[in-house]
Amino acid sequence: MLKAVIIDPSAVARGLLNTVLLDGGYDVVGATHTCASAMVQLIKHHPHIVCVAREQIEKEDEAIREIRTNWPKTLIFMVSSELDAATIQAAHAMGVSGFIVKPFKADTVLNTIRNVVIAMVKRQRAAMEKAAGDTPPAEGGEPAAP
């Protein structure tokens with residue numbers, strides 16, 4: 001079961017997203033209103049997914065960089081009611097993996113997360129296959145067996 005942390009100053013939004021994720025089979029290990037208070041949950045639980053409200057990303061962008069540095073495999077999703085090209089580009093540059101649009105539609109949220117997880121797994125498999133193909137020949141000059 002994938003673990004998730006929700007960071008949103010709106011208690012209503014946190015509650016709705018919490019319900020959507022729980023109903024979708026995710027383990028919500030923390031839900032808080034600031035990135036600073038979420039760091040405790042991140043340290044304690046090492047979640048796979050972090051959902052962060054856009055205003056928190058803009059207000060505490062250093063915290064997002066810290067998440068990306070300390071938990072590089074964690075997927076970060078920006079949660080917002082408005083997304084424009086410049087915001088999406090800036091978020092990607094900070095390490096945001098995907099976007100969840102308010103108001104929440106359960107199936108859309110779950111499909112978004114699922115698609116990003118699948119894309120990440122495909123990238124990791126491709127990287128592993130490439131690394132396996134780059135291995136040097138076995139001792140004695142013979143190529144390594146597949």
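Buried means under 20% relative accessible area, exposed over 50%, and partly exposed in between (1.4 Å probe, protein chains only). Helices (H or I, at least four residues) and strands (E, at least two) are DSSP runs, numbered from the N terminus. This is a predicted model, in which local features need pLDDT of at least 70 and side-chain atom pairs count only at pLDDT 80 or more, while totals for chains, interfaces and linings use all residues. Residues are numbered from 1 along each chain as its sequence is written, and side-chain values use heavy atoms, with hydrogens and water left out.

**Overall layout**

- The protein has six helices and five strands.
- Along the sequence they run β-α-β-α-β-α-α-β-α-β-α.
- The C-alpha atoms fill a box of roughly 65 × 35 × 30 Å, taken along the principal axes.
- Of the 146 residues, 38% are buried.
- Among contacts (heavy atoms within 4.5 Å) with a separation of 6 or more, 65% join residues 24 or more positions apart.
- The accessible surface comes to about 8,500 Å², and carbon and sulfur atoms hold 57% of that area. Areas come from the Shrake-Rupley method with a 1.4 Å probe; for residues, only the protein chains shown count as cover.
- The protein carries 15 positive and 16 negative charges, and their mean positions are 4 Å apart. Lys and Arg count as positive, Asp and Glu as negative; His and the chain ends are not counted. Each charge is placed at NZ of Lys, CZ of Arg, CG of Asp or CD of Glu.

**Helix H5**

- H5 spans residues 85–94, with Thr87, Ala91 and Met94 buried.
- Viewed down the axis of H5, these buried residues fall within an arc of 55 degrees, so they line one face of the helix. The arc is that of the directions from the helix axis to the C-beta atoms.
- An α-helix has 3.6 residues a turn, so residues three or four places apart point the same way.
- Ala85, Ala86, Gln89 and Ala93 are exposed on the other side of H5.
- Asp84 caps the N-terminal end: one of its side-chain oxygens lies 3.2 Å from the backbone nitrogen of Ala86.
- After H5 comes Gly95, with a positive phi near 110 degrees.

- Thr87 counts as buried because its relative accessibility is 12%.
- Its side chain makes a polar contact of 2.8 Å with the side chain of Arg54. A polar contact is a pair of N or O atoms within 3.5 Å; within protein, one must be able to donate a hydrogen and the other to accept it, and residues adjacent in sequence count only if both atoms are side-chain atoms.
- Neighbours within four places aside, Thr87 is in contact with Arg54 and Met78.

**Helix H2**

- Cys35, Ala38, Met39 and Leu42 are buried in H2.
- They cover an arc of only 120 degrees around the axis, which puts them on the same side of H2.
- On the other side of H2, Val40, Ile43 and Lys44 are exposed.
- The buried residues of H2 pack against strand S1 (3–7), strand S2 (27–32), S3, H3 and H4.
- Thr34 lies in the loop between S2 and H2. Its side chain is joined to that of Ser37 by a polar contact of 2.9 Å.
- Beyond its neighbours within four places in sequence, Thr34 is in contact with Ile7, Gln56 and Glu60.

- His46 sits in the loop between helix H2 (35–45) and strand S3 (49–53).
- His46 is partly exposed, with a relative accessible area of 47%.
- Its phi is positive, about 45 degrees, although His46 is not a glycine.
- Trp71 is found in the loop between H4 and S4. Trp71 is buried, at 9% relative accessible area.
- Apart from neighbours within four places, Trp71 is in contact with Met39, Leu42, Ile43, His46 and Glu66.
- Trp71 and His48 are 23 residues apart in sequence and 8.7 Å apart in space, C-alpha to C-alpha.

**Cis peptide**

- Lys102 and Pro103 are joined by a cis peptide bond, with omega about -5 degrees.
- Pro103 is found in the loop between S5 and helix H6 (106–133).
- Most residues other than glycine have a negative phi, and most peptide bonds are trans.
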